[in-house]
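Open the model in your viewer and keep the selection tool ready. Each stop below says what to pick next and what is there.

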Amino acid sequence: MSILYDEQSRIITINTANTTYQMIIGPHRFIQHNYYGKRIGEEDLSYLHLHYDRACSGNPDEVFPSRRISLDVIPQEYPSAGVGDFRIHPMSVHNGDGSYGADFRYVKHEVIKGKYELGGLPSSYDAAGGAETLVVTMDDKITGLTLELLYGVFEEEDVITRAVRFVNKGSYEEVLTRALSMSLDIPYGKWDLVHFHGKHALERQTERERIGHSAVTVGSTRGTSSHQENPFIIIADRRTDEDHGDCYGMMLVYSGSFKAQVEADQFDSVRAIMGIHDEQFAWHLAPGESFTTPEVIMTYSPDGLTDLSHKYHHFIRNNICRGKYQFARRPVLINNWEATYFDFNDEKILAIADEAAELGIEMLVLDDGWFGQRNSDNAGLGDWYVNEDKIKGGLTSLVQKVNEKGLKFGIWIEPEMINEDSALYREHPDWVFAMPGRKPTRGRNQLVLDMGRSEVIEYLYSRIEALLAGNNIEYVKWDMNRSLSDVHSNALPASRQGEALHRYMLGVYELMGRINRNFPNVLLEGCSGGGARFDAGILCYSPQIWCSDDTDPIHRLNIQYGTSFGYPVSTMGSHVSASPNHQTGRTTPMFTRAVVAMSGTFGYELDPAKLSDEEKSQIRDQIADFKRYYDLIQSGDHYRLTEIGDDYFEAWEFAASDASEALLNVVVTDIQPNPTLMNIRLKGLDPDAVYEMTEKKYANENVPPEFSTDSVRKRELRGDALMNAGYTLEWAFGDYPALQIHLRRL
Ligand code: GLA
């Protein structure tokens, strides 16, 4: 039993293996949040919160004449709105009587075996069978608006998920103008916010800042979780580093506009809220109707950021990802995008397939350009019929020919979008988002289909079904290449336009879910102009997401580093591309590109015909290495060994959970003359065991003899030496050298 209730003290305590979360039902049915942090025995933690008369923080009617209870001060589970809590708050409502506000008080609570589900929204699931659900019901007695606070408790995983269901039990319509998924008060301490910002082709850059008294919002109003921010934040004690200190994670299982906000209040208590963004959000609830928010995955670690990341990695692999490819080995693929862009025909694709098969690649992915009149990115989206001018003989025959070469076949689609220059648009111009009387803003010269409309979903499903049922397609790259603007649905009345954005997401999820259910053998890879929709919502349907359109390995270090705080390597789509790189023009060694791409799902995105024999032989080795290390990389513990940008090299490691082996990866990003030597302390090894170290490759083959070491290099070292004294690498030379060392416990 991880959820406990003490009748006498009216305390609800949630215990996971290493954390405790506690609330108390106080006088007048207020719920006070007592604590979230390291696991604590049976203690009633209400003593932490002392109630004083705080000037200018008002008092609810029932506590009169006391001035000690103020909603503006006490830590809360889910703050009310408009009744005296002036901190950032997770909900707002416009009531049918014209007033704005709701005063939620405890009604009842219930503990249910198993994990709740959220209807049309993706959410985590109970893989091992031990999860429990706590439902705390609160209501506003004047309007009848009722809250069900949902807590999913995963004891072993140290995870508590949260979501809220609003039910209108009153007699008139209510309009929710903000309905966030959670609120968490952290009353004491000094805290930093860690978040992951970016832009197209440079996503998830790590930023850490102090939480002060002005509210800071991390969010997106773009209708996607976005390149610009990720729906994942960490609140870390100012002293917290990778290996020590308190930190809380909050990750939203949602792929549309979102908002996470943090603020220290007048008494320095930190509040964090997270959920669907309230911009352009207004949800009408007629009597009897309900609205359910997406869920937030929360975890806490007293042991620093690495431990927090490991909890997320484990949870996403086991309780978010699902389907055939959750654990099954994913094929090493070649994608033709950077090899051909739109300029291809069946012959070119088959030539790539021939070369790829020779190299040991397992799947060919046909990217954008195979359908409709799609000869550039100005036309064709919406017309999901093969272009037989390009693919002579049709798709079925191409797939067969590729299969005959021993390769699986995958394909690119972008179902949510439409070009005005398409048959679909000419037939259904009203299917797009567009505001009355205005020409919508184009993004990549494309418009957005209103995914909230059932006829749009039906059309798209029928086209995708025809594609998948008629051809042996084993992988689909589901792209989405613009931000949503001009959000207005022709299918909704004027009063309900505030629902269009969320209904769009519900439509996307419905379509993805249907494809998963009806084509369980197809591996989906999410994509959105690279990594604009890299979130736990999409991961419920596709176990991997293309991380970024930037395939430059040196930038990828940064992108994959930021991504690794919340998401496991098994979710990160990462490929070796040509050098000089197409996005940056930078030249890097083939080996370095592979070391970086191997810390992901691994594949190639280049024209193999342009490779030298030497490069081809390197690729064969890389694929063999990747397959050899597959389990270690994809399900081992990932360690960030350097802080990005802090030194002239980056290092990271995978260690098997039983410490039997490890893989150390190093890339020199800013080569130095006469350098400080690179000493790296490994992690996750068995201190008492001896490890045999095999240095796989060193890219700087042209090291002048005077730079080679004269020391005796030991290749068998104890785990405690490697973890505490570290390992010192040889002097590096040349452009972006990389090193990969495999460690095997003897
Ligand atoms: C997006 C994707 C790329 C590629 C192109 C095709 O930018 O991120 O990988 O598929 O679209 O148009």
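Select lysine 348 and aspartate 343. Their side chains form a salt bridge, with the closest N and O atoms 3.4 Å apart. Note that this is a predicted model. Lysine 348 is partly exposed, because its relative accessible area is 37%. Aspartate 343 has 52%, so it counts as exposed.

Next, pick glutamate 458 and arginine 514. This is another salt bridge, 3.0 Å between the closest N and O atoms. The pair ties together distant parts of the chain: glutamate 458 sits in helix H6 (residues 454-470) and arginine 514 in helix H7 (residues 500-518), 56 residues apart. Glutamate 458 is partly exposed at 39% relative accessibility. Arginine 514 counts as buried, because its value of 19% falls under the 20% cut-off.

Now go to helix H1 (residues 305-320). Show aspartate 307 and lysine 311, which lie four residues apart there, about one turn of the helix. Their side chains meet in a salt bridge of 3.6 Å, N to O. Is lysine 311 buried or exposed? Lysine 311 is buried, at 12% relative accessibility. Aspartate 307 is partly exposed, at 25%.

For a network of salt bridges, select Asp85, Arg87, Asp185, Asp265 and Arg271, which are linked in this way. The count of salt bridges comes to 46.

Move to the ligand. How many residues surround the ligand? There are 13, and the closest are Asp367, Asp368, Lys477, Gly530 and Asp549. By class, the shell holds six charged, four nonpolar and three polar residues.

A ligand oxygen lies 3.3 Å from a side-chain N or O atom of asparagine 481. For arginine 444, the distance from a ligand oxygen to a side-chain N or O atom is 2.9 Å. At glycine 530, a polar backbone atom is 2.8 Å from an oxygen of the ligand. Taken alone, the ligand exposes 310 Å², and the protein buries 96% of that.

Switch to a surface view. Select Met1, Leu4 and Val111: together they form a nonpolar surface patch with about 280 Å² of accessible area. Methionine 1 lies in the segment before strand E1 (3-6). Methionine 1 counts as exposed, at 68% relative accessibility.

Last stop: phenylalanine 591, in helix H10 (residues 590-598). Phenylalanine 591 is buried, at 8% relative accessibility.

Terms used:
Residues are numbered from 1 along each chain as its sequence is written. This is a predicted model: local features need pLDDT of at least 70, side-chain atom pairs count only at pLDDT 80 or more; totals for chains, interfaces and linings use all residues. Side-chain values use heavy atoms; hydrogens and water are left out. A residue is near a molecule or strand if one of its heavy atoms lies within 4 Å of it. A polar contact is a pair of N or O atoms within 3.5 Å; within protein, one must be able to donate a hydrogen and the other to accept it, and residues adjacent in sequence count only if both atoms are side-chain atoms. Accessible areas come from the Shrake-Rupley method with a 1.4 Å probe; for residues, only the protein chains shown count as cover. Ala, Val, Leu, Ile, Met, Phe, Trp, Tyr, Cys and Pro count as nonpolar, Asp, Glu, Lys and Arg as charged, and the others, Gly among them, as polar. Patches are made of residues with over 30% relative accessible area and no salt bridge: like charges are joined within 9 Å, nonpolar side chains (Val, Leu, Ile, Met, Phe, Trp, Tyr) within 5 Å. A salt bridge is a side-chain nitrogen of Lys or Arg within 4 Å of a carboxyl oxygen of Asp or Glu. Helices (H or I, at least four residues) and strands (E, at least two) are DSSP runs, numbered from the N terminus. Buried means under 20% relative accessible area, exposed over 50%, partly exposed in between (1.4 Å probe, protein chains only).
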